[in-house]
2 protein chains.
Amino acid sequence: MTDCVLAVDVGGTKLAAALVEPGGRIAAYERISTPQPPHADAETLWRTVLSLIDRLPAARLAGVGVGCGGPMSWPSGKVSPLNIPAWRGFPLRERLQDRYPDLPVRIHNDAVAMAVGEHWRGAGRGRGDMLGMVVSTGVGGGLILGGRLVDGVSGNAGHIGHVIVDHEGPPCECGGRGCLEAIARGPGLAAWAREQGWPGETGKDLATDAARGHPIAVRAMNRAGWALGVAIASATHLCDLEVVAIGGGLSQAGPLLFRPLEDTLRAHARMDFARQVRVVPAALGQMAGLIGAAAFILAEDRYWTAD
Amino acid sequence: MTDCVLAVDVGGTKLAAALVEPGGRIAAYERISTPQPPHADAETLWRTVLSLIDRLPAARLAGVGVGCGGPMSWPSGKVSPLNIPAWRGFPLRERLQDRYPDLPVRIHNDAVAMAVGEHWRGAGRGRGDMLGMVVSTGVGGGLILGGRLVDGVSGNAGHIGHVIVDHEGPPCECGGRGCLEAIARGPGLAAWAREQGWPGETGKDLATDAARGHPIAVRAMNRAGWALGVAIASATHLCDLEVVAIGGGLSQAGPLLFRPLEDTLRAHARMDFARQVRVVPAALGQMAGLIGAAAFILAEDRYWTAD
């Protein structure tokens, strides 16, 4: 068997690890809930990652690729995931490098890994210019232009969640105002719906209620679709995108989300070149991040520019 | 003497041509007003370009680089500049190639040429990730990421003028609404000021009056600075920019424009990485487009990706 890549996906809710074959197929997969405070200190969490990796079958490895919640210093891979308070400046890349001293170890933002996975083997395959988005508890993304991953000056390119869609909109956790994320993230959308009288709790409930025709829940999906449409129009104008792939929990809402999104996008993106952009659901589901993390090793010419 | 590049800048107001040395210095320069309708048909305009080129001293050439008002089909170089009605689908690249059959002939949007010039030899020199902007009758730009020009799927990347800053804002000539250009272009800003009771006519008058402290004119500059700040915050979040270089007539307003721009940008760009971006005036003035057009030939590894 040709050497696989060990891919790791570190999120606030779950940790996942996989062996990914050179062609992008997942040969083995393990997952576990992320230990939550107050039981999880930094080292407990690290040992949980190691035990997860140890559950995978033995294999000859070509390298280790990681997607991890941001922010992080990049490419040094000191991570401080918003949803994992136990890790603040945790040297994840260095720890993994110590454990795999002879292999390349590469790490990037989890939304970037998702976008790379979708470009390499998913909804953006073969396209030159793609924005990959995750719409869930937060709104993140990754940018592939000219067939290559764009990192930006500090590895933070792709933050579509902080494109401004309503300058008088709600405050955003980033400190700004009216960002796409402030409006379209699941908890933000649920809070907006509760203000209108909707009795539910989570973004997931909201999507379910919208599918059942609850009028406030439907309006909430319209609102998310509108915000996504404005942000995607801006991104298309700036980057001349061919395709936008949207994954994450909220994208499960299907036409309830994608129809108002398309309506808004088409109202704002009127120039010939901008009309060409296609917005599609992500194709790889939960596996996109692991496949993308593996691509930092397996397709490094396109997806890894650092050291 | 080492071979120069013949650089041509085609705009609605003036045509310019230069011989550019391999290091980026302009060795010779000629300009002429663009023939205006109804006297200028497509062929008259073409002959004017040729006669302008003929005024330059004879030189051995390494190639021909052109910046031309958009839109155009790219890289084929059929141009339909908004402000030059005589050229609709005019095969400018082909005509120049026929005249210089043994040389590379390359053409791009004039705002892209300006951004490339500023990156190669101006305000963005040595930076990896830069947005170059022209704020004038329109608002255009070009994007350099990872040290290389970003073209997008159809050569239209860099359209910062159509990033949406106020979704309920004024209609834009692109067919959308609330684009940066709809608010901050000189004529749009002058129209807004006249609605408020300002008695002047042009964007240039407006900048002059603002410098003299005319309150409506000052408010108009605040408005332009605000719109620029919102759009630059969005672009910085999406592309993780290091520097934004702003040229064009309105940028002459100096602190009257740059101060409200900075205030808005800093209010919206709060994450650590986004705070790092610097907004600076363009450094090469009117010559940026010619120097950038020459760079399509002289630094083709960074600035020319097509055929």
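Which residue is the bridge partner of Val79(B) in strand 7 of chain B? In this predicted model, the partner is Phe90(B). Strands here are DSSP runs of E of at least two residues, and helices are runs of H or I of at least four, both numbered from the N terminus. Two strands pair if DSSP finds at least two bridges between them. Strand 6 of chain B, residues 78-79, pairs with strand 7 in the antiparallel sense over two bridges. Both belong to an open, antiparallel sheet of three strands in the order 5-6-7. Strand 5 (72-73) and strand 7 (90-91) of chain B are its edge strands, each pairing on one side only.

Strand 9 (residues 130-135) and strand 12 (residues 243-247) of chain A pair in the parallel sense over five bridges. Within that pairing, Met133(A) has Ile246(A) in strand 12 as its bridge partner.

The chains meet through 42 residues from chain B and 42 residues from chain A, contact meaning heavy atoms within 4.5 Å. Together they bury about 3,300 Å², 65% of it on carbon and sulfur atoms; buried area is the accessible area (1.4 Å probe) that two parts lose on being put together, summed over both. On the chain B side, Ile164(B), His167(B) and Leu238(B) lose the most area to chain A, together 21% of what that side buries. The rule finds 20 residue pairs in polar contact across this interface, both residues at pLDDT 80 or more. Strand 10 (139-145), helix 7 (215-239) and helix 8 (255-268) of chain B each supply at least two residues of the side that touches chain A. Helix 7 gives the most, with eight residues.

The same surface serves both copies, as 100% of the contact residues of chain B recur in chain A.

Residues are numbered from 1 along each chain as its sequence is written, and chains are lettered from A and ligands numbered from 1 in the order in which they are written. Local features need pLDDT of at least 70, side-chain atom pairs count only at pLDDT 80 or more, and totals for chains, interfaces and linings use all residues, while side-chain values use heavy atoms, leaving out hydrogens and water.

Terms used
A polar contact is a pair of N or O atoms within 3.5 Å; within protein, one must be able to donate a hydrogen and the other to accept it, and residues adjacent in sequence count only if both atoms are side-chain atoms.
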